[in-house]
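Please open the structure in your viewer and keep the selection tool at hand. The tour below goes from one selection to the next and says what is found at each stop.

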Amino acid sequence: PNRKKMTSSRRHHLKSVILQIALSWLEQEKKDNIVAKEAYMAERCPPPELSGDQAALMEFCKKLQAAIDKIDEERYDAESKVQKADKEIEDLKIKVVDLIGVKKPALKKVRMSADSMLQALLGSKHKVTMDLRSNLKQVKKEVKEEPTEAVGDWRKNIEDKADRKKMFETS
């Protein structure tokens, strides 16, 4: 609660120091890996004895070839095991999806005209129009002429309505 905020220059300085330390660690790790690899190779593969006559060298080459063939077979077996395991994993993933079932997303309400709906269903090749109004016959509207009464004195109109009102009240 009562901590002071670090200034941006201090934060950047600390970040650069951390990155330098991490870089030195990575470089040291690379050097250690190289040393470990050299030690492993010296232990597993001692330098060959190339002194001797031609027959001894031919025998040495045959031993090397046999070792290479054996290692190649082991590599091929390992690769085939990995491929088989990968295929089995894929099959199990498919089975899991089949057992769980694919969840269908909730459908959204979309405003769509009948034409665009038909186009989506049938594809753009089919030209079907649902514009039903274009198929209808055009009918001309007859204009009825209503006799317009001559606009008279507005006071007379009000008196007529007042007479009508009295007529309803008396009955």
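Begin by selecting Glu74, whose place is in helix H2, a helix that runs over residues 54–100; helices (H or I, at least four residues) and strands (E, at least two) are DSSP runs, numbered from the N terminus. Before going further, note that this is a predicted model, in which local features need pLDDT of at least 70 and side-chain atom pairs count only at pLDDT 80 or more, while totals for chains, interfaces and linings use all residues. Residues are numbered from 1 along each chain as its sequence is written, and side-chain values use heavy atoms, with hydrogens and water left out.

Glu74 counts as partly exposed because its relative accessibility is 46%, where buried means under 20% relative accessible area, exposed over 50%, and partly exposed in between (1.4 Å probe, protein chains only).

Next, select Arg75 and show its side chain. Which side chain meets that of Arg75 at 3.6 Å, N to O? That of Asp72 does, in a salt bridge, a term for a side-chain nitrogen of Lys or Arg within 4 Å of a carboxyl oxygen of Asp or Glu. Arg75 also forms a salt bridge with Glu79, where the closest N and O atoms are 3.2 Å apart, and together Asp72, Arg75 and Glu79 are linked in a network of salt bridges. Asp72 and Arg75 are 3 residues apart in helix H2, so about one helical turn separates them; Arg75 and Glu79 are 4 residues apart in helix H2, and are likewise separated by about one helical turn. Arg75 is partly exposed at 45% relative accessibility, as is Asp72 at 35%, and Glu79 is partly exposed with a relative accessible area of 39%. A search of the whole structure finds 2 salt bridges.

Now move to Leu122, found in helix H3 (residues 114–122) and partly exposed at 40% relative accessibility.

For the cysteines, select Cys45, partly exposed with a relative accessible area of 45%, and then Cys61, partly exposed at 48% relative accessibility. The whole structure has 0 disulfides, a disulfide being a pair of cysteine sulfur atoms within 2.5 Å.

Finally, select the whole chain, which has 4 helices and 0 strands. Of its 171 residues, 0% count as buried, and its accessible surface comes to about 18600 Å², of which 59% belongs to carbon and sulfur atoms.

Notes: Accessible areas come from the Shrake-Rupley method with a 1.4 Å probe; for residues, only the protein chains shown count as cover.
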